[in-house]
Amino acid sequence: MKRLILIFLSLFLIKGVAFAKIDWESKGMQIAGEIIANPAGFFYDFQQDLESTTPLPPGKTFGIQTGLFPTTVPMTYVNGSGKLRLHGEGRIAPGVPQVDLIGGYWDMLAAKMATKDSQTIDSAKFNGYYMGAIVSSSVSPRVRTFWGYKRSVLSAKLRFKPGEEPDFLGTKVSSFDTGFKDDFLIAGIETPKGVSKLWSMQLNYGLKTQVFSSKVSWYGKYFELGLNIFPEGVLVFHPVWNFHLNF
Amino acid sequence: MKKIILSAFIAAGMAGRLCAAVAEDSKIFTPFFDMTMTEAGYLPSEGNIFSGANINTQVGLLSKITQKDHLFGLYNFSYAGAGFAPQDSKQFTDRSMGHNFTIEYRRVLGEKFRVRPGFSFGRDYSRSGANEAWKNGLYNMNTAGLQLAGDFMFDTEKNGIVTLTYLGKSVKFPNYTDLLREFMDPANTAAANGGLQDQTLKQVSLRSGWNNFFGGLTVTQQDYKNQKVVANTGIYGDTKQKDKTTMLDAGFHHKLWIFEMSPMVSYSMHRSNQNFMRYKFLGATSTNLLDGSSDVSFIKKNYDYNETTLSVPVDLNITGKWAVGGAMNITSRAYTDRAKRDSNNNYITGSKQKNMMSTLTGSIRKRINDVAMVRLFYSLVVASSNNKFEKYMPYNYTGNTFGLSYQLSY
C-alpha cells in the first residue's frame, strides 16, 4: 500500500513540476515584504504553535507542555505551558462538561543573545503569553467536542545600533516596536486514533484582528505532532512537534 | 453579484445540512459538528505560485424540547482563500470570510410532515489581493432574513423526503462604492455609494431526496434597492436592477463494491435586466455606443448566461482505511447575448462568449476513523474561453493544484 501511495505521489509531483514555472526569487521577496509589513503577525503564528489549546485527557488533573519545533528549534522560543482541570466531566452532575484553565509563556533566546553579542543590534525583546479556558464535552464514546477562549499577547521590539541599520529591499530598517493582542474563540473536535492516541482538529479565531488558524494534531502520552495552518499567514504550513506530560 | 448568488446557494445548502441533523431519541441535546479544511498550492501557467485555503466549520445544537418540538441553532464559519475560479467569477487572489447564524424551530405534524420556521443573520467579509483590512472590503455584506420550510417524509427506511423552502433576506453592502462613477464625478458621492448593491433576496426551492439520490429546483430573485439599469444612451434610467437565477440540480452518493461515487449535475439560468457600459480607458468617449469596437460600447443583457456544472468524484476503496480517488469537474458558461471580445477589447458582432473550466483530480484518501478523514490531492485545471481580452482577468490558462484536506464531522 505504501509503495502504491509513493508511486501516485511521484506521478502527481512529476506532472505538477512539468508545468511549473516558479519564480522563487520573486516569491522570496514577496514573503520578506509580508514579514516586514507585519512582523508581529509573523512571530505570533509561531506562538500559536506552542499554545496548548486542547483539553486535558479525561481523568487527568493537570498537564505541562513545551513546544519543540518550530518554536524552540529553530525560532529559539523557550516556552512553557500548563493546564489545570477545574471540573471533570459529569462530576457535579451528569452532562456538566470538563473545564480546564490553560496558559503559557515564551521568550526568544536568540533576541537576548543578539543583544549581548551583536555588533549591529542595540536591543531586542521578543516574548509573549496566553491564558484562557477550555470546556469539553463527550458527545459519544469516541468523540469529544471542545470550546474555548484565550487571550494572546505578543511583544516584538528590535533596535539596530546607529550607523549599523541594514538595508532591506532598498529600505533602511532602524527599528521596529510592534505587538499583537487579541481575544480568541476556539472550537474543536477530538477523536481517538488508537490506544492512548488522539486526533483533533480545531479552529482559533481572533475577534479583533480576525486572525484565524486551523490546527490538526495527533497526540499520545508524551508527544504531540501537529499541522497548523495559517491561510492568511506568511508561512501557511507549520509542522509542529510538542512534548507534554499529563498527570 | 456572484457573491450574493453563492450566498443564496450556500443558504440553501445549509438548509439541507440543518435538515440532516436529527435528534437522537435518548438525548435532549444533540450536537452537530462538521469541520472541513483544505490547503493547497496553486501554480498557474501565467503568474507565480500561490497558496490558498478553504475552511468550513459548522457547529450546532439540536434540542428536543418535547417529542414534537425541536430547536436547532447553527453557527457557520467559512473561509475561501486564493485559488483558481471559473472565469468571470473572481480574481485568483480574492478571499472571503463569513460568519452566519441560523436558528430554526421544528414542529412535527403527524408522522409524515414537519414545518421549520427560522431566521438567519450573518456577516461576510471580502478581501482582494491588495490585502486591505477585512473590515474595509468593498463587497463586505450583512444579511438578515427569515425562512419557512416544510418537509414531507416518505419511505423512512430510505430517508425519502420532499422539502419546500422559502427564504427572504435583506442584504446590505456597507462599504460598496461605484469606483468608476466616483472617479468621473467626485462631488456626487450620493450616486456612487448610496447603497447601490443593497438588495432583497427571495428564494424558493423544492428539493427531494431518496435512497441517497437527491435533486431540486431553486429559484432566486434579487431586487436591488437603489441600483438603476443603464440604458443604451449610457445614462442610468429609472428602472431598478432585478436579477433572477433558476437552478436545477441532481446527484447521488452510492457505493458499488469498492467504488464510491457521488456525481452531481446542475443547470443554472441567470437573467438580469442590467446592461453594461464598456469603457476602454478612463475618460473614454464615443458617438456610437452600439458599436462593439468603439472606445465606449453599450452591451445589452451583458450578464445573462446559462451555466452547466458536472462533478463526478469516484473513490476506489482499496482497503477499509485507504482509497484512491479520481474526480472530474466541468463548469461551462454560455452567455445568451454578450459577444466574445478580441485581445483589444473589441466585441465581435454575431458571436457569443463561452467559458469552460475543467478540473481533473487524483487523490489518496485515508479514513482515520468513522468521523474523520484526510485526503492528499493533485488537480490539473484547464480554463478556456473564446474571450481573448485578458488584461484584467485570465480566461485561457492551465493550472496545477496540489494540496491536503481534512474532514471531521459528527
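Okay, let's start where the chains meet: the contact takes 34 residues from chain B and 30 residues from chain A. And keep in mind that this is a predicted model.

So who does the touching on chain B's side? Strand 1 (29–44), strand 2 (50–64), strand 3 (69–80), strand 17 (322–335), strand 18 (354–369), strand 19 (372–385) and strand 20 (397–409) of chain B each give at least two residues. Strand 1 of chain B has the largest share, with six residues. By residue type, the side of chain B that touches chain A splits into 23 nonpolar, 10 polar and one charged.

Now over to chain A. Here we've got a closed barrel of 10 strands, in the order 1-2-3-4-5-8-9-10-11-12, with antiparallel pairing. On average, neighbouring strands of this sheet are turned by 20 degrees against each other, ignoring direction. If pairing is new to you: strands of a sheet pair through backbone hydrogen bonds, either parallel or antiparallel.

Let's zoom in on one pair. Strand 5 (residues 143–160) and strand 8 (residues 175–194) of chain A are antiparallel partners over 16 bridges.

Is A:Val211 buried or exposed? It counts as buried, because it has 21 C-beta neighbours inside 10 Å and the cut-off for buried is 20 or more. Leaving out residues up to four places away in sequence, A:Val211 touches A:Asp182 and A:Gly206. A:Phe230 is 19 residues away from A:Val211 in sequence, and their C-alpha atoms are 8.5 Å apart.

Last stop, back on chain B: B:Tyr267 sits in strand 13 (residues 264–272). With 15 C-beta neighbours inside 10 Å, B:Tyr267 counts as partly exposed. Again leaving out residues up to four places away in sequence, B:Tyr267 touches B:Leu248 and B:Thr308. From B:Tyr267 to B:Gly73 is 194 residues along the chain, and 31 Å between C-alpha atoms.

How values were computed
Residues are numbered from 1 along each chain as its sequence is written. Chains are lettered from A and ligands numbered from 1 in the order in which they are written. This is a predicted model: local features need pLDDT of at least 70, side-chain atom pairs count only at pLDDT 80 or more; totals for chains, interfaces and linings use all residues. Two residues are in contact if their C-beta atoms, placed from the backbone, lie within 7 Å. Helices (H or I, at least four residues) and strands (E, at least two) are DSSP runs, numbered from the N terminus. Ala, Val, Leu, Ile, Met, Phe, Trp, Tyr, Cys and Pro count as nonpolar, Asp, Glu, Lys and Arg as charged, and the others, Gly among them, as polar. A residue is buried if 20 or more other C-beta atoms lie within 10 Å of its own, exposed if 12 or fewer, and partly exposed in between; C-beta atoms are placed from the backbone. Two strands pair if DSSP finds at least two bridges between them. Axes are lines fitted to C-alpha atoms, for helices over the stretch in contact, and angles run from 0 to 180 degrees between N-to-C directions.
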